[in-house]
Structures are given as C-alpha cells and as structure tokens.
Amino acid sequence: MSIPLSIELNDKEFRILDQQKLPHVVEYLTLETLEDVYDAIVTLKVRGAPAIGITAAYGLAKAAERYETNILEEFHLQLNKDFLYLANSRPTAVNLVWALERLRSSVENAVTVQEAKVLLLEEAVNIHQEDEASCRNIGEYALSLLEDQTKVMTICNAGSIATAKYGTALAPFHLGSERGKKFEVFACETRPVFQGSRLTVWELQQSGVDVTLITDGMAAHTIGAKGIEAIIVGADRIAENGDTANKIGTLNLALLAKAFNIPFYVAAPSSTFDLTIKSGKEIPIEERPAEEITHIAGKQVAPLDTKVFNPAFDVTPGEYITAIITEKGIIYPEYTKNIPSLIN
Ligand code: MRU
C-alpha cells in the first residue's frame, strides 16, 4: 500500500502524473516547455489547488533557466510575461498566483541572472516541500476531529495527487491508514469530470482505505441510509469571512450537512486563503467547455447543440462551515476575526 504522488523533480526535468489517464493508466508526463505546463493545467492533467501552484512554480523556474539573456532587466521582463501566461491558465484556485508570486519575490534582489535562475528553482522546491509538510499537519489536525471508524463523505479529489503528498481532505485517511485507524469514506463521483470516481477512489484504494463510490445525486439519501457522520472537502480559495470556493457540488453537501446536523469541514493550507477579498462574491468562478457535460469518455450523451452551463466551482458560505482545518491549526467561527489572526 502506498500513497501516490503527482509531481516529481529530478536532476534534469520535472514530471507530473497524467491525471486525465487515471485510473486505468498510471503514466508520468515530462513537462518541457511553458506551453506544456499551461496545457497540463488547463486540460486537468494536473489539478487540485496546491498541485497547480507547485506545477506552475516548477514550470516558471524551468522556463527561466532557458532564458538566453544575461541582462537582469530583460530577465525580469520575460519572467513577468511568463508569470502572466501561467497565472491565466485557471482562475479560481488562488494557490496558482500565490506560488508564482512567491517565485517572483524570491528574485527581487538577485544581482545576476545566474543567481536569479538558481533562486527560482530553490523557491519552487521550497513550495513543494512546504506543501507536503502542511498537508501532513492538516491530516494530524483532521484526525483529532474524526474518531476511529467514522463514516465520512467527500467530493472531488483533495488528495495526495492534488497536492505534494497526503492531500488536504484526504490526509486524515492516508495518515489513519498508516496507523491502523479505520474510516469508511463515501466518495461522490463528482460530475462532470469524475475526480471522485477516477481519482479519489483510485487514490484511497492505493492507500488501503475503505472507500465506497456514489453518484452526486445519491448524497442526501446516503447520509441517512449509511449514517454518514461528517463531511470533509478541500478548497480552491477561501475569503476572509470563510466563504469557500471548491469543486461544484460542494455547496450541496454543505446544505445537506446542515439539514442532517452533521459537521462540515473544509481542509486547506494557508496558501489557499485569499485575505485580499472580504467574501466569496469576489471569487472568480471558472466555466469550462460544454463537452465536459455533453460527452462522457468521448461519447456524446446529450442532444446536439444542447445549451450548457458548466461552472467548475461553487462557493459555500462560511456560515455552513463547522471548521476550517489548516496546517497552523483548526479555525472555528467567527471567521472574519479568526482567519486573519491565524493565517497572517
Ligand atoms: O477542477 P479541479 O479538479 O482542479 O478542482 C479541485 C478541487 O476542487 C479540490 O477540492 C481543491 O482544489 C483542493 S485540492 C487539495
């Protein structure tokens, strides 16, 4: 049993697990150019907020290694151009811009181009390593909230392959599995692109966690029928008041948790908080191609020319969130007061 990883760096290259091909094909893909990195993010070969940030960081650092100029000013101009290109690949997960900004800040005081190139790669490695440590801490805090044998529901994949390792919402299950703790996880399949069935079920099986797949529409019935005791999800961006953007369908689960009177937890590292925004109203929601809904595995399942609305995320108001589990500790309401005091 092992916990799968999605991003690898060796002497020459960095590779990602191609998540489009899972669960049937486990294949790593070398990202050579900036365009490869952009494409991998847009087409969900790599996805999940922290993993997108780490990939963009390596992508920018590796692209900068290939800049031919020795003039710092030209170096910074090209870096800013590539920064903007990658920053526009996906709009909702704030970890993307957060990681790119960390790289840009790391070279502000560089004296030579050569030094800047080294600093960029070092910072990307730092981001990668810090995320693994953060996810481990999130797992520990989450374990303190979930008793052994708990039946827990989740949506999308906020797992090891969406981060450096362990994941956020799935971290307690991986750590629990290492320690002989038993959870029963119910994974929503997560239409339209099936991160739940293709990724979460596969990932938890790799780790030896008891996981049951349901369709998204079965969530309400399953909470009652199977006695679900808690819901835990990841996040793409959390505003100062706790409003949380996450995979479409998350809001449904939050409303169900309230109706069934069970806790609804969000698990996320501090890189997912955006304290420049006061509420979820300011979070940009990505809309993705209609084909994700009209087609399943390449086969058309809706009439030709069907009108489609395909938002990839929704925003759960902070008032529906029992607690937000971070690597720095567990945050309870009142979020407007408690988020800035822990995260800043
Ligand atoms: O569109 P995706 O697959 O990138 O959406 C991912 C999610 O919504 C995750 O729950 C979130 O990024 C947290 S990953 C630790």
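An oxygen atom of the ligand lies 2.7 Å from an N or O atom in the side chain of Lys247. This separation, like every other value discussed here, is computed from a predicted model. The protein covers 99% of the 420 Å² of accessible area that the ligand has on its own.

A polar side-chain atom of Asp236 is placed 2.8 Å from an oxygen atom of the ligand.

The surroundings of the ligand can then be considered as a whole. There are 17 residues around the ligand, and those that come nearest are Arg47, Ala49, Arg90, Asn246 and Lys247. Sorted by class, the shell comprises 7 nonpolar, 6 polar and 4 charged residues. The space that the ligand takes up is the largest cavity. Helix H2 (49-65) and strand E9 (244-247) are the elements that give two or more residues to the shell.

On the scale of domains, the location of the ligand follows from the origin of its shell. Because both domain 1 (7-133) and domain 2 (148-343) give residues to that shell, the ligand lies between them.

Most peptide bonds are trans, and most residues other than glycine have a negative phi. Against that background, the peptide bond from Arg191 to Pro192 is cis, with omega near 5°. Pro192 is found in the loop that runs between strand E5 (184-188) and helix H7 (195-206). A cis peptide bond also leads from Pro333 to Glu334, where omega is near 10°. Here Glu334 occupies the loop between strand E15 (329-331) and helix H11 (335-343).

The remaining feature concerns phi. Tyr166, a residue other than glycine, has a positive phi, near 75°. Its position is in the loop between strand E4 (151-154) and helix H6 (171-178).

Terms used:
Residues numbered from 1 in each chain as written. Predicted model: local features only at pLDDT ≥ 70, side-chain atom pairs only at ≥ 80, totals over all residues. Heavy atoms only, no water. Near = heavy atom within 4 Å. Polar contact = N/O pair within 3.5 Å; in protein donor to acceptor, adjacent residues only side chain to side chain. Areas by Shrake-Rupley, 256 points an atom, 1.4 Å probe, with all protein chains shown as cover. 1 Å grid on protein atoms, 1.4 Å probe; cavity = no way out; pocket = protein on both sides within 12 Å on 5 of 7 lines; lining within 4 Å. Sits in = over half its atoms within 2 Å of the grid points. Helix = DSSP H or I, 4+ residues; strand = E, 2+ residues; numbered from the N terminus. Nonpolar A, V, L, I, M, F, W, Y, C, P; charged D, E, K, R; others polar. Domains from an automatic or database assignment.
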